[in-house]
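Colleague: I have a new model open and would like to learn how to read its features. Could you take me through them?

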Amino acid sequence: MRASDLERVKLPPETLPETLSHLTHRTFSSGSSVPVVVYGQSLEMAERACIDRYLTSLPLTVDVLDIAAAEGSFSNALFESRQFEGFTATWVDRNSSAMDAGTKVVPFGSRVKRVPADLEDVRWARMIRDAAFDCTLIGALHHHVASPKYSQIIDIVIQRKLRPKGRLVAVELGGGLYEKDPLQRVVEAVWESIPQSATIQAACIFDTEISVPLLRRVFNIHYVSFAIDATCDAV
Ligand SMILES: C[S@@+](CC[C@H](N)C(=O)[O-])C[C@H]1O[C@@H](n2cnc3c(N)ncnc32)[C@H](O)[C@@H]1O
């Protein structure tokens, strides 16, 4: 897949709230000049856009599986997207303190099951029920795990964890955080990590733009996004 073949969706530009300006000195130790708060805001923008694009026909009562959930921002964006009658979430992440912190903040915290696990170790799949989720959210995991492991995670979700009409959606970092990773290379790497058996729905690139008046800078960060429907028939 070439990046130029993917639909480009430019999201409405945002400004970093002034209340967060004092945090802009914090950048990633791995060498990006993008402040962590700016990255966080841009990821949330892309996650909201992903929900609007792929998850319009969810039931009113949903069970959500959030893979690499951290503080649960992706689940929270889904929760805030409409009025659900029922909402439970299962969060899987190796960082249990992030999940603990997140459950204290999100309004549905008492309905979150936390699963501290290494997603590169297939045993995580035994810790949660099969055919139990209406949707699975994956936000910015790809660059943290080896490609075959990412592929295995998607396989497990679409074949075993989703309900028959369930859907997996993913937003992966595409470019703009690190100069050295051109979008094309990242798109290819993400594509190579999607199992061949999976049918990718409506993939696109979300372009985000955030201005930071204090720094007199504008940051453009890009995300690759796609959906895959359940392939499991089990009820
Ligand atoms: C960039 S954060 C994504 C946070 C979240 N999905 C969001 O949308 O805000 C990446 C998360 O992946 C988790 N992670 C990375 N590698 C992992 C692994 N092998 N097993 C479990 N979690 C992992 C990290 O702990 C971190 O919380």
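Modeller: Gladly. Helices (H or I, at least four residues) and strands (E, at least two) are DSSP runs, numbered from the N terminus. By that scheme, Phe219 lies in strand β9. Residues are numbered from 1 along each chain as its sequence is written. This is a predicted model, where local features need pLDDT of at least 70 and side-chain atom pairs count only at pLDDT 80 or more, while totals for chains, interfaces and linings use all residues.

Colleague: Is Phe219 buried or exposed?

Modeller: A residue is buried if 20 or more other C-beta atoms lie within 10 Å of its own, exposed if 12 or fewer, and partly exposed in between, with C-beta atoms placed from the backbone. Phe219 is buried because 20 other C-beta atoms lie within 10 Å. For contacts, the C-beta atoms of two residues, placed from the backbone, must lie within 7 Å. Leaving out residues up to four places away in sequence, Phe219 touches Val34, Val38, Gly176 and Ile210.

Colleague: Which residues does Ile228 contact?

Modeller: Ile228 is also placed in strand β9, and it counts as buried because it has 24 C-beta neighbours inside 10 Å. Beyond its neighbours within four places in sequence, Ile228 is in contact with Ile154, Ile158, Leu168, Ala198, Thr199, Ile200 and Gln201. Ile228 and Thr199 are 29 residues apart in sequence, yet 6.0 Å apart in space, C-alpha to C-alpha. For Phe219 and Ala189, 30 residues apart along the chain, the C-alpha separation is 23 Å.

Colleague: How many bridges join β8 to β9?

Modeller: Two strands pair if DSSP finds at least two bridges between them. Strand β8 (residues 200-212) and β9 run antiparallel and are joined by 11 bridges; Glu209, for instance, has Asn220 in β9 as its bridge partner. The two strands form a hairpin with four residues between them, and Arg216 in the turn has a positive phi of about 50°. β9 also runs antiparallel to β7, with eight bridges, and Arg167 has Asp229 in β9 as its bridge partner.

Colleague: And where is there a parallel pair?

Modeller: Look at β3 and β4, which run parallel and are joined by seven bridges. Ile67 is partnered there by Val92 in β4. β3 is mostly covered, with five of its seven residues buried.

Colleague: How should I read a positive phi?

Modeller: Most residues other than glycine have a negative phi. Ala131 has a positive phi of about 45° although it is not a glycine, and it is found in the loop between β5 (112-116) and β6. Ala131 is partly exposed, with 16 other C-beta atoms within 10 Å. Ala202 likewise has a positive phi of about 45° without being a glycine, but this residue is found in strand β8. Ala202 is exposed, with 11 other C-beta atoms within 10 Å.

Colleague: Which residues have the most contacts inside the largest nonpolar core?

Modeller: A nonpolar core is a set of buried Ala, Val, Leu, Ile, Met, Phe, Trp, Tyr and Cys residues joined through C-beta atoms within 7 Å. The largest one has 63 residues, and Val38, Ala46, Ile67, Leu137, Ile154 and Leu168 have the most contacts inside it. Helix α1 gives the most to this core, with 10 residues. Ile67 touches Val92, Leu119, Thr136, Leu137, Ile138, Leu141 and Ile153, again not counting residues up to four places away in sequence.

Colleague: Why is α2 described as largely enclosed?

Modeller: Seven of the nine residues of α2 are buried, so the rest of the structure largely encloses this helix. Its buried residues pack against α1, β3, β4 (86-93) and β6.

Colleague: What covers the buried residues of α4?

Modeller: The cover includes β3 (61-67), β6 (133-139), β7 (162-175) and β9 (217-229). Buried in α4 are Tyr150, Ile153, Ile154, Ile156, Val157, Ile158 and Lys161. As a geometry check, the expected span of a helix is 1.5 Å times one less than its number of residues. The 15 residues of α4 (residues 147-161) should therefore span 21 Å, and the end C-alpha atoms are 20 Å apart, which agrees.
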